[in-house]
Amino acid sequence: MHFVIMGCGRVGSLIATALDADGHSVAVIDMDPKAFSRLPANFSGRRVTGFGMDRGALKQAGIKDAYAFAAVSSGDNSNVIAARIAQEVFHVEHVVARIYDPQRAFVYERLGIPTVATVKRTAESVMRRMLPPDASVIWTHPTGEVSLVTATPEESWYGMAFPIVEELTGERIAFVSRLGTIIPARPDLVIQEHDQLYFAVAGNNSTRLRDILTNEPNFQD
């Protein structure tokens, strides 16, 4: 998949490097060519010098083929304008903007632009919102008997109560990461957009959970 990142600061360079290392096609836009020095020497993606709000720069970065776009420069206004251009002009389905001002963030979320805030957590949050639904093992006990699996469900799971999710997956939800807050699993909780679920599973294989959550729920009589 192709990803376009606006801003090659600490967050942008972290995201671009991680996506490139995973074998994705990546283009990074920054108005300061010196910013690209933050990228590793083996970075294989495109470096585009220009403004992320400029349509020419976006086209040069391959925005028309982008699966997702992230605006993570140091300016709130620039990030939001660029995100809206990517979303409304180039029809990129997955768009996220970094916003420093929490009051603005609320407004932009209402406009349909997911927002995030602060370096390592920001990079991880942006990537979660850019990448398709998935599940992966993040910790395994030395015995190999128990693992913690993080999963991002497909949108058809939104609104489903945790007990039903556990019944359909056969796995226990330990907690959920929601809007930067960790919440222990409770029977009254339902899956919301951008939730990151954490399951305690037997063994260390996330394939089955991934296959279930990346598809529509399978209700059986």
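Good morning. I begin with Phe175, which counts as partly exposed at 23% relative accessibility; that label covers the range between buried, under 20% relative accessible area, and exposed, over 50%, with a 1.4 Å probe and protein chains only. The structure is a predicted model, in which local features need pLDDT of at least 70, side-chain atom pairs count only at pLDDT 80 or more, and totals for chains, interfaces and linings use all residues. Residues are numbered from 1 along each chain as its sequence is written, and side-chain values use heavy atoms, with hydrogens and water left out.

What is the partner of Phe175? Phe175 forms a stacked aromatic pair with Tyr198, at 4.5 Å centre to centre and 20° between the planes. Rings of Phe, Tyr and Trp (its six-membered ring) pair if their centres lie within 6.5 Å; planes under 30 degrees apart are stacked, over 60 edge-to-face, and the rest tilted. Phe175 belongs to strand 9 (residues 172-178) and Tyr198 to strand 11 (residues 196-202), so the pair ties together parts 23 residues apart in sequence. Strands (E, at least two residues) and helices (H or I, at least four) are DSSP runs, numbered from the N terminus. Tyr198, at 14% relative accessibility, counts as buried.

How many aromatic pairs does a search of the whole structure find? The search finds 2. In the pair of Phe3 and Tyr67, the ring centres are 5.9 Å apart and the planes stand at 70°, so this pair is edge-to-face. It links distant parts of the chain, 64 residues apart: Phe3 is in strand 1 (residues 2-6), while Tyr67 is in the loop between helix 2 (55-60) and strand 4 (68-71). Phe3 is buried, with a relative accessible area of 0%, whereas Tyr67 is partly exposed at 22%.

Glu145 is exposed, with a relative accessible area of 57%. Leaving aside neighbours within four places in sequence, Glu145 is in contact with Val201, Ala202 and Gly203, where contact means heavy atoms within 4.5 Å. Glu145 and Gly203 are 58 residues apart in sequence, yet 4.6 Å apart in space, C-alpha to C-alpha.

Finally, Val146 lies in strand 8 and is partly exposed, with a relative accessible area of 38%.

Thank you for your attention.
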